[in-house]
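These are my notes from going through one model.

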Amino acid sequence: MGTLGLNALNRALIERQMLRERADRSALATVEHLFGIQAQEPKSPYVGLWTRLNDFRPKELEDLLTNREAVRILLMRGTIHLVSARDALALRPHMQLRLDRELQSGPFAKRLQGLDLDAVAEAGRRILEDAPQGTADAGKQLKEVWSDREHTVLGNALRNKLALVQLPPRGLWHRSGRAVCTTVETWLGAPQQAMDRQELVLRYLGAFGPATVMDAQQWSGLTKLGEVFEELRPRLVTFRNEAGKELFDLPDAPRPDPDTDVPVRLLPEFDNVLLAHADRRRVIADDRLGVVVGGKPTVLVDGYVVATWSITKERVVLVDYIDDLPRSRKKAVAEECDRLQDWIRT
């Protein structure tokens, strides 16, 4: 069992996340390969695809959303993700237990005590399937029955209890709108059917491995994945990280040389590259995690976060360096910022 240092883990992640070389691949195939793109900020997936694909145009993703081939839905870690329609139906059932726990311990827990959440969910389902709307709007109608509860509390219960899709124009590039929802079953015309937990782990490793059990649980928000890794052990290869923790991986997955050159890349807010591991040092130092929590887009140089970036009202990309880089590295960052500016303005 070999040992993989941070650079080896970094290069494996960069390669699997399509950040070493932009790919000639469709947006839908990329979203499925990445096993979802964090979409808490509606336009983030567009930048995430631009940084990974050759000749990506926003209309390609807009068409996927309007044609119901991809959806925005609450999934991993209780956050909004952009996923394919197929993955939405297969992933969402796995998240229900975590979302139920959130209602019992989250900020609305006290105000939900004594409430029949299943009854609220079924009433909310009828409302949202009959007329897509915001969860707070649905909560106002539910308050006619549960008059002792706040409509925002009732709406939040629906957010967790139902598999809700945010409908276009929410999430479009050229225009957007508030979050109007209906159930995933109604929007896609198909029932939820959970994928096998082994498939879930294998696909996670394909996009984010090598990884520990805790890494997979951090990415997904799920628990008790250790038993799934044990079931899969005969099909996987194992390594150790520098702390001695066991890493699992697919036998044929790319694990490039740790000294492989990687280009500058601009990541959008909350990119899963920065969120998909319990130990995130393979791409960002522990003392810099605050930039991720704060929702700042980040700059990768040599595979690691060294700066944040932002866009002005005039659509100029500005960089705020964390590290003092050599002039040659700053020149490469500036060139990538120019590419993003040109793309945004087209």
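I take helices (H or I, at least four residues) and strands (E, at least two) as DSSP runs, numbered from the N terminus. The model is predicted, so I kept the stated limits: local features need pLDDT of at least 70, side-chain atom pairs count only at pLDDT 80 or more, and totals for chains, interfaces and linings use all residues. Residues are numbered from 1 along each chain as its sequence is written, and side-chain values use heavy atoms, with hydrogens and water left out.

**Entry 1: cis peptide bonds**

I looked for cis peptide bonds and noted one from Pro168 to Pro169, with omega near 15°. Pro169 lies in the loop between strand E5 (164-166) and strand E6 (181-183). Pro168 is in the loop between E5 and E6. I checked burial by relative accessible area (buried under 20%, exposed over 50%, partly exposed in between; 1.4 Å probe, protein chains only). Pro168 comes out as partly exposed, at 25% relative accessibility. For contacts I used heavy atoms within 4.5 Å. Not counting residues up to four places away in sequence, Pro168 touches Leu65, Thr66 and Trp187. I also looked up Val71, which is 97 residues from Pro168 along the chain; their C-alpha atoms are separated by 9.0 Å.

I noted another cis bond from Gly209 to Pro210, with omega near -5°. Pro210 sits in the loop between H11 and H12, which took me to those helices.

**Entry 2: H11 against H12**

How do helix H11 (residues 197-208) and helix H12 (residues 213-220) pack? Their angle is about 95° and their axes are 11 Å apart. The axes are lines fitted to C-alpha atoms, for helices over the stretch in contact, and the angles run from 0 to 180 degrees between N-to-C directions. I file H11 as roughly perpendicular to H12. The classes are roughly parallel under 35 degrees, roughly antiparallel over 145, roughly perpendicular from 65 to 115, and oblique for the rest.

On the H11 side I listed Leu200, Tyr204 and Phe208, which meet Asp215, Ala216 and Trp219 in H12. By class, this contact has 5 nonpolar, no polar and 1 charged residues. The classes put Ala, Val, Leu, Ile, Met, Phe, Trp, Tyr, Cys and Pro as nonpolar, Asp, Glu, Lys and Arg as charged, and the others, Gly among them, as polar.

I then looked at Ser220, which is in helix H12. Ser220 is buried, at 0% relative accessibility. A polar atom of its side chain lies 3.0 Å from the backbone nitrogen of Leu222. Leaving aside neighbours within four places in sequence, Ser220 contacts Met76, Arg77, Met95 and Leu225.

**Entry 3: ring pairs**

I paired the rings of Phe, Tyr and Trp (its six-membered ring) if their centres lie within 6.5 Å; planes under 30 degrees apart are stacked, over 60 edge-to-face, and the rest tilted. How many aromatic pairs does this rule give? The count is 9. One of them is Phe35 with Trp219, a stacked pair at 5.3 Å centre to centre and 25° between the planes. This pair links distant parts of the chain, with Phe35 in the loop between H2 and E2 and Trp219 in helix H12, 184 residues apart. Both Phe35 and Trp219 are buried.

Tyr204 and Phe208 also stack, with ring centres 5.4 Å apart and planes at 25°. Tyr204 and Phe208 are 4 residues apart in helix H11, so about one helical turn separates them. I read 0% relative accessibility for Tyr204 and a relative accessible area of 0% for Phe208. I also noted a cluster, linked by ring pairs, of Tyr46, Trp50, Phe56, Trp173 and Trp343.

**Entry 4: positive phi**

Phe35 is not a glycine, yet its phi is positive, about 60°. Its loop runs between helix H2 (27-33) and strand E2 (37-38).

Arg315 also has a positive phi, near 60°. Arg315 is in the loop between strand E11 (304-311) and strand E12 (317-321), and at 41% relative accessibility I log Arg315 as partly exposed.

Met18, which follows H1, has a positive phi near 60°.

**Entry 5: H1**

Is helix H1 (residues 6-16) largely enclosed or open? With 8 of its 11 residues buried, H1 is largely enclosed by the rest of the structure. Among the buried residues I wrote down Asn10, Arg11 and Arg16. The buried residues of H1 pack against strand E1 (3-4), H2, H11, strand E8 (246-249), strand E10 (298-301) and E11.

Technical notes:
A polar contact is a pair of N or O atoms within 3.5 Å; within protein, one must be able to donate a hydrogen and the other to accept it, and residues adjacent in sequence count only if both atoms are side-chain atoms.
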